[in-house]
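The sequence and coordinates come first.

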Amino acid sequence: MASLLKVDTITGVTTAGSISVTGEGNSTTTNLQQGLCKVWVHYNGDSSHAVQDSFNVTSVTDGGTGRGTISIANDMANDDYSLQYTDSCPDSPAINGLYIHTFQTGAYSLASVNNSGSYTDGTNVCSAVFGDLA
Amino acid sequence: MTSQLNVDTIADKAGTGPVALTKQEGSKSRGHFEGSDATLDGSFNTASLTDNATGKFTPNFTNSMTDGNYSVATNNTGTSNTASNSGNKAQTYTTSNFQIVTTENGADSDEDDTIYIVVGDLA
């Protein structure tokens, strides 16, 4: 019989921020907190930088054409986190590269570049952060 | 009434299998390193990083994946940190590692702040 446990908060006993869960293949465990996405955002790449939806984000500011800075609500522990970044590009000018400009505990900045090597606005900018919260 | 559960490990009812996280799952490995020194500054489930050659790096998992069909996202800031023509790709997926290739203007190149995120099934 399947079982379902309903709780509002789960905390580690030995270390409050560390809980192991069994992996899919049943032969190993993985750290739950380490695997969770800590920040994600989907915003308009035009000058509005309007946030469509997000998690743990306070704002997205325009850093100039093709560039945006995402401010994190609850900071990361350091600037050594990992982040995924995609952008749906316009037909012209096509985006040739997506770059991470800066990593900070409270923010990170992204940039889109076209085939001419110039910054260019995308349309739907999406990113997700994995790492340690402060 | 709010409730709090204090545990160190969560497994299925049999005690040996995974629990469902209600239509969601976390990443299984990640890393952040400078291509110039190939030293991991931050990582999860990564035992080591092998510097294969200029612009080529292999993150080695601590706990292996169940097969080579996982997903990898990788990127970097580029050496010039401007609108440079740097690129990334992941290749050679095995249960214990994969390879990242970083490029600058079409040639293999060590890049700053190279990152990767792995999503898939553990062994």
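Strands β2 (residues 20-22) and β3 of chain A pair in the antiparallel sense, over three bridges. Here strands (E, at least two residues) and helices (H or I, at least four residues) are DSSP runs, numbered from the N terminus. Two strands count as paired if DSSP finds at least two bridges between them. Within this pair, T22(A) has T29(A) of β3(A) as its bridge partner. Strands of a sheet pair through backbone hydrogen bonds, either parallel or antiparallel.

The model is predicted: local features need pLDDT of at least 70, side-chain atom pairs count only at pLDDT 80 or more, and totals for chains, interfaces and linings use all residues. Residues are numbered from 1 along each chain as its sequence is written, chains are lettered from A and ligands numbered from 1 in the order in which they are written, and side-chain values use heavy atoms, with hydrogens and water left out.

Now extend the sheet. Three strands form an open sheet in the order β3(A)-β2(A)-β2(B), with mixed pairing. β3 (29-31) of chain A and β2 of chain B stand at the edges, each with a single partner strand, so one side of each has no neighbour in the sheet. Another strand pair also joins the chains. β1 (residues 9-11) of chain A and β1(B) run parallel over three bridges. There, T11(A) has N6(B) as its bridge partner.

Step back to the whole chains. Chain A has one helix and 11 strands. From the N terminus, its elements run β-β-β-α-β-β-β-β-β-β-β-β. Its radius of gyration is 18 Å, well over the 14 Å that the globule rule gives for 134 residues, so chain A is more spread out than a compact globule. The radius is taken over C-alpha atoms, and the rule is 2.2 Å times the number of residues to the power 0.38. Along the principal axes, the C-alpha atoms of chain A fill a box of roughly 55 × 30 × 25 Å.

Chain B has zero helices and 11 strands. Its radius of gyration is 17 Å, while a compact globule of 123 residues would have one near 14 Å. Its C-alpha trace spans about 55 × 35 × 25 Å along the principal axes.

How much area do chain B and chain A bury between them? The value is about 3,800 Å², 51% of it on carbon and sulfur atoms. Buried area is the accessible area (1.4 Å probe) that two parts lose on being put together, summed over both. In chain B, L5(B), D8(B) and R30(B) lose the most area to chain A, together 15% of what that side buries. In terms of contact (heavy atoms within 4.5 Å), 45 residues of chain B meet 51 residues of chain A.

Turn to polar detail. The interface holds 27 residue pairs in polar contact, both residues at pLDDT 80 or more. Such a contact is a pair of N or O atoms within 3.5 Å; within protein, one must be able to donate a hydrogen and the other to accept it, and residues adjacent in sequence count only if both atoms are side-chain atoms. β4(B) gives the most to the side of chain B that touches chain A, with four residues.

One salt bridge crosses the interface. The rule asks for a side-chain nitrogen of Lys or Arg within 4 Å of a carboxyl oxygen of Asp or Glu. K28(B) bridges to E24(A), with the closest N and O atoms 2.3 Å apart.
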